[in-house]
Amino acid sequence: MFSAVFLLVLLAFSVTGSPVEVRNSSITLPMTGRLAFSNITTLLRHDEARLAAYGEYSTHGRSDAVSLRPKVPLSQADFGGGFFGYIAKVNIGNPPTTYNLIVDTTSTITWVGSGLPYLSRSGVDTGEPVAVDYRFGSFRGTIFEDQLSFEGVADLIIPEMPIGVVFDTRDIAIHADGVLGIGPISSSLRALPNSLEQTIPPITDFLVSNSYIRRAYVGMFFQPTSESGDSYGELCFGGTNPSMYQLLAYTDITTTAPSSQYWGINQRIVYRGIEILAYAAGVVDSGCTFLYLASDAYERYRTSTGGILNPANGLLQISLRQYNRLRDLRFYVGDEERVYKLNRNAQIWPRFLNYRINGGVNDIFLIVKALATPSGAGKDFVLGYVFLQRFYTAFDSEKRRIGFSRTIYTDDLLIN
C-alpha cells in the first residue's frame, strides 16, 4: 500500500483552489538528445516494443507494418532495442544519485534500474510489485517511495515520490537508467499487478501538491538532431518557455478509446489535397521515433509520394527528383482544424544518419511508417519524435488538452 502522502496527492486535486506558498510558476529541466541505436533493426525494435503495448506485434507478412491490437498497457511495456530521443538527469535518494532517464509522454511511472542500479538508503519499500512481460523482454521490481529532485534545479525536493525499482530486466536495452513518466494518469491503469485499478499520479501532480508549481502542466521542446549528435531539449513543469515558440493553440484529449487513455488527439491528415486519413483518433508519443499511420492512410501516402519500400531498412525510399516534388503533409487538428505542416525536409530521415539505417550517403528515406490496422481502430496514428521535433508541445493534465506551436525549426529545409 502507498503512504498517506501518496493519498494526499490524490486528495489535493479534489479540493477547490490552488496550493498556498507556490515557490515557482514553472520549473525548467534541461534534456539532452541521444542517438542510442547501432542500426535500423534496433531502432525499429524499440518502436515495435512500444507499439506492442497496444497489441502483440505482428507484421502480417509485411515488413513495414506494426499491429496495435489492444493487449497490455503502455506503461508496462515501454522500451526495447535502441532509441532516438531525449534524456533528463534526475536525482533520487538522500544522499542523491543522479540517473539518466528517458522522457516518456505515454506513462506516468518513473522507474530506475535498467542501467545504474538503485542505490538509495532513504527509500521505503511499499511492497507493491511491478512485473511486466511482453514480446521483447520483461522487467520485475517493486514500487519504492523516495526523495526526488532535478539536476541543476536548486531547492526542489519531492518527498515520498513513487518510483519503480527494477531488480530484474531481461532482453531490455534502453541505453539509459530508466524512465521519467509524464503521461496522463489514466496511462498507469493496470500497471500494478496487485492493484489493477489503482493509478500512479505523474510527477507533475507531486510538484503541484508540494507547491512547487501551480498546475499539472508540461511544456516540451525538442531541438532536431544535429550531425554532431548533440541536441538540446527542455521540459517546463507548470508552464511554458515563450522564447521557444510562437503561439500555442490547444485541442482537447480525444474521447475515443484506446487513444483517450494517453495523450490522444483527433485530427485528419491531407497530402496534395487528398485526405489520406479521415478525422480519427491517435496518440502523441515522444518515445516513438517515426510517424505511424493506419495502413490505408499509409498506402495513400506511399502512392502519392511514389515511395518504394527498401527491404534493407523497411522505410520508403524516394529519388532526389521525387523529394523536390514533395508537398506539405498537413495535419488538421481537433474540431477547430488548426493546421500544422511537415514540409518536405521534415518528412525525410536525416541523411547524415543514413549509415545507421543501411542507406547510402545520397539516399532519401521517408519517416512515415505503417500500422498493421486500417483506420477506425481508435488509434489511427502515432506522432513520434520526428513530428515533435518540429513543434513546441504543451501537455495540460488539468484541462485535458494538448497544445502545439511553431518553432524556429518548423519550416527549416536544411535540417535533414
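Modeller: Let's begin with a sheet: three strands form an open one in the order β16-β17-β20, with antiparallel pairing. β16 (308–309) and β20 stand at its edges with a single partner strand each, so one side of each has no neighbour in the sheet. Bear in mind that this is a predicted model, where local features need pLDDT of at least 70 and side-chain atom pairs count only at pLDDT 80 or more, while totals for chains, interfaces and linings use all residues. Residues are numbered from 1 along each chain as its sequence is written, and side-chain values use heavy atoms, with hydrogens and water left out.

Biologist: What makes β17 and β20 a pair?

Modeller: Two strands pair if DSSP finds at least two bridges between them. Strand β17 (residues 316–318) and β20 have two bridges, in the antiparallel sense, so they meet that cut-off. In this pairing, Gln317 stands opposite Phe365 in β20. The strands themselves are DSSP runs (E, at least two residues), as helices are (H or I, at least four), numbered from the N terminus. The protein has six helices and 24 strands.

Biologist: Why is Leu353 called buried?

Modeller: Buried means under 20% relative accessible area, exposed over 50%, and partly exposed in between (1.4 Å probe, protein chains only). Leu353 has 3%, so it counts as buried. This residue is in the loop between β19 (338–342) and β20 (364–365). Its C-alpha is 7.7 Å from that of Glu227, although 126 residues separate Leu353 and Glu227 in sequence.

Biologist: And what is the value for Ile402 in β24?

Modeller: Ile402, in strand β24 (residues 401–406), has 0% relative accessibility and therefore counts as buried. Contact means heavy atoms within 4.5 Å. Leaving out residues up to four places away in sequence, Ile402 touches Trp263, Ile265 and Val284, among others. Ile402 and Trp263 are 139 residues apart along the chain, yet their C-alpha atoms are separated by 7.5 Å.

Biologist: What makes a group of residues a nonpolar core?

Modeller: They must be buried Ala, Val, Leu, Ile, Met, Phe, Trp, Tyr or Cys residues joined through side-chain atoms within 4.5 Å. The largest such core here holds 91 residues, of which Phe150, Leu235 and Phe237 touch the most other members. A second, separate core has nine residues, including Cys236 and Tyr392. In soluble globular proteins, nonpolar side chains tend to be buried together.

Biologist: How do you know that Glu337 and Arg268 form a salt bridge?

Modeller: A salt bridge needs a side-chain nitrogen of Lys or Arg within 4 Å of a carboxyl oxygen of Asp or Glu. For Glu337 and Arg268, the closest N and O atoms are 2.5 Å apart, so the pair qualifies. Glu337 lies in the loop between β18 (329–333) and β19 and Arg268 in strand β13 (residues 264–271), so the bridge ties together parts that are 69 residues apart in sequence. Glu337 is partly exposed, at 29% relative accessibility.

Biologist: What about Arg300 and Asp296, with their closest N and O atoms 3.5 Å apart?

Modeller: Arg300 and Asp296 form a salt bridge too, because the cut-off is 4 Å. They are four residues apart in helix α4 (residues 295–305), which means about one helical turn separates them.

Biologist: How many salt bridges does the structure hold?

Modeller: It holds nine. One of them joins Arg406 and Asp411, whose closest N and O atoms are 2.3 Å apart.
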